[in-house]
Amino acid sequence: MSRIGTIARRTFLVASSAIVGGVAFGYYAYKRPVANPLLDGLAEGEAALTPYVRIDASGITLTTPRADSGQGAYSVQAALIAEELDVELDQVRVDPGPPDPAYYNTALAADAAPFSPTDNSFAARSTRGVMDAMLKFMGLQITGGSTTVPDSFEKLRLAGAVARETLKAAAAQQTGVAVADLRTARGAVELPDGETLSYVALAPVAATLEPVNDVALRDPSTWRLIGKPMERVDIVAKSTGTQTYGIDMELDGMVHATVRTNPRRYGEMLGFDDTAAREMRGVLDVVSITGGVAVVADNTWRAFQAAAALEIEWGPAAYPPEMAAHWQTLSDSFVEDRLDTRFRDDGDVAAMLENATDVVEVAYRAPYLAHQPLEPINATVLVQDDRVDVWTGTQIPRFVQDNVAAITGKDTDQVHVHVLMMGGSFGHRLEDRVVREATEIAMTRPGTPVKLTYSREEDFTHDDTRQIAMARGRGVVRDGRVEAYDLGIAMPSVIASQMGRQGLPVPGPDLQIVAGAWEQPFAIPNYRVSGYRAPELAPISSWRAVGASSNGFFHDVFLDELIHAAGADPMEERLRLMWHDPSRKTLEAVAEMSDWGAALPEGTGRGVAFCLSFGVPVAQVIEVSSTDAGIIIDKVWCAAEVGRVIDPIMFENMVQGGIVWALGHAMNSEITYSDGMVEQQNYYDAEGMRQYQAPQIMVRGLENSGAVRGIGEPMVPPASAALSNAIFAATGTRVREMPMAKVVDFV
Amino acid sequence: MKLKVNGTQHDVDVEDDMPLLWVLRDALDIKGVKFGCGVAQCGACTVHIDGEAVRSCQVSAADVWGDVTTIEGLGTPEAMHAVQQAWHAHQVAQCGYCQAGQMMQAAALLAENTAPSDADIDDAMSGNLCRCGAYPRIRAAIKTAAQKMQEA
């Protein structure tokens, strides 16, 4: 059980502060207080709080600073506070809060340091600590890297506990009843005689007290909410069509805009003719923006129609116009001077390869991939003399705030970012071009709110995609065992491309080039993973699971090929090589769940795959059947070590969704460039999975590691590998590239 | 032109070829119907015209041949349709953006076929994309709704 005394020394102290008509509970930030976003108007010295709980006359508000793109982040964050605060989720308002450096994300740091998540040495722990401080310095209020749960797990429960105990102290002071005789439930303190005092009524008194910091977090055996099925805070709205998203924004006098910018990314606009567009019904203006043109109209469709009528001359792209040159660049990158990292170098791989006469040599490819969440990207911006308001679904509100301030020449604190519910993201809303463009347009109409909506085609064209990547494997097997495993991976740096668009240099190696490969817990005697950094090509960004989305495929399919060459059983050999106990248990679980080894009908095959990413070991078994009409994915079994399943329903939904995401893209999706432009324009070109293709997916969450982890991304990396391995088992065809439909047919 | 939506008669001044989707969203401020692709590839804009599920991005305003029902007309948080109740009970939604269209498609399926098989569900629902991959729950919710509607 964590007591706040020990936790506070290394992180933060829970504090409270008076607000109008009530009290707010939260944290003093790390070492030095960071200015507080929610307490404007307070006296100096009181404003050193990062509030997570606010109680005033309007009720109880829980602040959930990690954005919700459908993963249930608001619900999870609210539940962690509510568990200790003794409120029910139907009693509280959940608000994402404003962007602020105080809401930094410490858990992202754990995955940025060059130590594998299974490494708990002093060096690993202290380096993670340094990275933690750096992130805090940068004030990254980022939702990403599956970090919401690990980042929030202690922080939010402590905030709830301190608030609860302070409210009890207020009740004791008001009634004379000893704190020990008070109980709390449903947002109220209960006296021994059954009388209740609501938190709302107690808030003004609580604000005058020192917060009660001597609290212990409750024992997991007593949890009311965590680990049990909860009703998501947004589920009624999302089951009745009443949930609104950024794209549904309406404001008085609002106008509607859309853009066309150079499809040859980073290229210039040479000129345009808007004669026809300007004459179309409802068109209010046509304006030049960075890299292209915007149409402003009185509704969305009229803006789309007029944008399509623009005649624009585009300059060349800043990268090779055809795909062959992109692949060639990767192929040319397996050289010493592009070696970025070789953190995994066990035994003597070079000697093994040199002395062997039967080296297994293979190559793999993974394409650019678009994110394309179903809600097209959009932003609404209102520019006024003394302030700018931005309404949008974003994972990076702090960057948005800074960028809008820079574009408009305002101070950062004059920019107010209102984070709205997102209709999916998968990493797409870690970019903010749409906000910058909306700001440029809104600056031409001060005092008028402008909503910018992308057409699906514009969204596809300008999706900062998943990385393109290539891998080469060489290995040696002896006496039925994998003896040498050498994997080289080449890709451009995702982080450099992404942070480059924010004007931030990223020094040092990029761990994403080898993520999902170098840190795998296999005890192969001669084991090497090398990351090669290719020069920048087309813009790339974080796509669900980032580097591991391609590397999990490379690493495990290559392992499967070596195990096949050794003549060993795919499950048994992985288990034999696995040294990390929590990871081993995921393999044992899927073996048991799927009855691995059972006789299968003719034409049916099973593949197993494993990947440790974002600190989560995941094993999957996929069963496919090969039919005259093509491959059918019948069943998936998945076991994931997550430390703690916060909500079994949301867990199952997210795991299934991650697998559907990975398999759909592995089957049929890619982004390609021709003449410098993205060729895929809508879902008919990059479809993903549909209902008729969705397999049965059996899910099990394991809780052996003690480390609480997020699950948004880690299901993705092993799925494409398990599919390839299953197709091999069923057909004898080894699929070494995605989309796999290039090699085999799917029903 | 005149349009009847969720039982209310509206008179709108729009081009004949403006898609019903945009008439609903921008002219009538009915936001439950969603824009996803604009080319009938995703089903997020699914509404009913005289009970038939259609992609509202592909129906021109002038061609609307009957009464329009959107998700708001199917049921409300206070009085949910059986399909919405099942979506709620199964907690189907992740981002939820496609779900209004999914529910309208499912409601039309169940109005015609009270006990759909897996193959019937595949046929009816495969035009509705869910990028979050909630397909297993969508299938389960349709079966629950079917059962409930049979009992009613």
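In the predicted model, the helices α17(A) and α18(A) meet through M571(A), R574(A) and L575(A) on the side of α17(A) and through R584(A), L587(A) and A591(A) on the side of α18(A). Sorted by class, the residues of this contact comprise four nonpolar and two charged residues, with no polar residue among them. Two packed helices are described by the angle between their axes and the distance between the axes. For α17, which covers residues 570-577 of chain A, and α18, which covers residues 581-594 of chain A, the angle is about 160° and the axes lie 9 Å apart. Because angles over 145 degrees count as roughly antiparallel, α17(A) is described as roughly antiparallel to α18(A). The crossing of α17(A) and α18(A) is left-handed.

Elsewhere in chain A, the helix α13, made up of residues 433-443, has nine of its eleven residues buried, so this helix is largely enclosed by the rest of the structure. The buried residues of α13(A) are V434(A), V435(A), R436(A), E437(A), A438(A), T439(A), E440(A), I441(A) and A442(A). The C-alpha atom of P65(A) is separated by 4.7 Å from that of P96(A), although the two residues are 31 residues apart along the chain.

Chain B contains six helices and five strands, and from the N terminus on these elements follow the order β-β-α-β-β-β-α-α-α-α-α. The radius of gyration of chain B is 15 Å, close to the 15 Å that the globule rule gives for 152 residues, and chain B is therefore as compact as a globular protein of that length. Along its principal axes, the C-alpha trace of chain B spans about 40 × 30 × 25 Å. Of the 152 residues in chain B, 59% are buried. When contacts in chain B between residues at least 6 apart in sequence are considered, 62% of them join residues at least 24 apart.

Within chain B, the axes of α3(B) and α4(B) come within 9 Å and cross at roughly 130°, and these two helices are therefore oblique to each other. The crossing in which α3(B) passes α4(B) is right-handed. On the side of α3(B) the contact is made by V83(B), Q84(B) and W87(B), while α4(B) contributes Q99(B), M103(B), A106(B), A107(B) and L110(B). By class, the contact of α3(B) with α4(B) has six nonpolar and two polar residues, and no charged residue takes part.

The two chains also touch each other, and the contact between them takes 48 residues from chain A and 48 residues from chain B. On the side of chain B that touches chain A, at least two residues each are supplied by α1 (20-27), α2 (71-74), α3 (82-89), α4 (99-112), α5 (118-125) and α6 (135-151) of chain B. The element that gives the most to this side of chain B is α6(B), with four residues. By class, the side of chain B that touches chain A has 26 nonpolar, 14 polar and eight charged residues.

How values were computed:
Residues are numbered from 1 along each chain as its sequence is written. Chains are lettered from A and ligands numbered from 1 in the order in which they are written. This is a predicted model: local features need pLDDT of at least 70, side-chain atom pairs count only at pLDDT 80 or more; totals for chains, interfaces and linings use all residues. Two residues are in contact if their C-beta atoms, placed from the backbone, lie within 7 Å. Ala, Val, Leu, Ile, Met, Phe, Trp, Tyr, Cys and Pro count as nonpolar, Asp, Glu, Lys and Arg as charged, and the others, Gly among them, as polar. The radius of gyration is taken over C-alpha atoms; the globule rule is 2.2 Å times the number of residues to the power 0.38. A residue is buried if 20 or more other C-beta atoms lie within 10 Å of its own, exposed if 12 or fewer, and partly exposed in between; C-beta atoms are placed from the backbone. Axes are lines fitted to C-alpha atoms, for helices over the stretch in contact, and angles run from 0 to 180 degrees between N-to-C directions. Angles under 35 degrees count as roughly parallel, over 145 as roughly antiparallel, 65 to 115 as roughly perpendicular and the rest as oblique. A crossing is left-handed if the near helix is turned anticlockwise from the far one by less than a right angle, and right-handed if clockwise.
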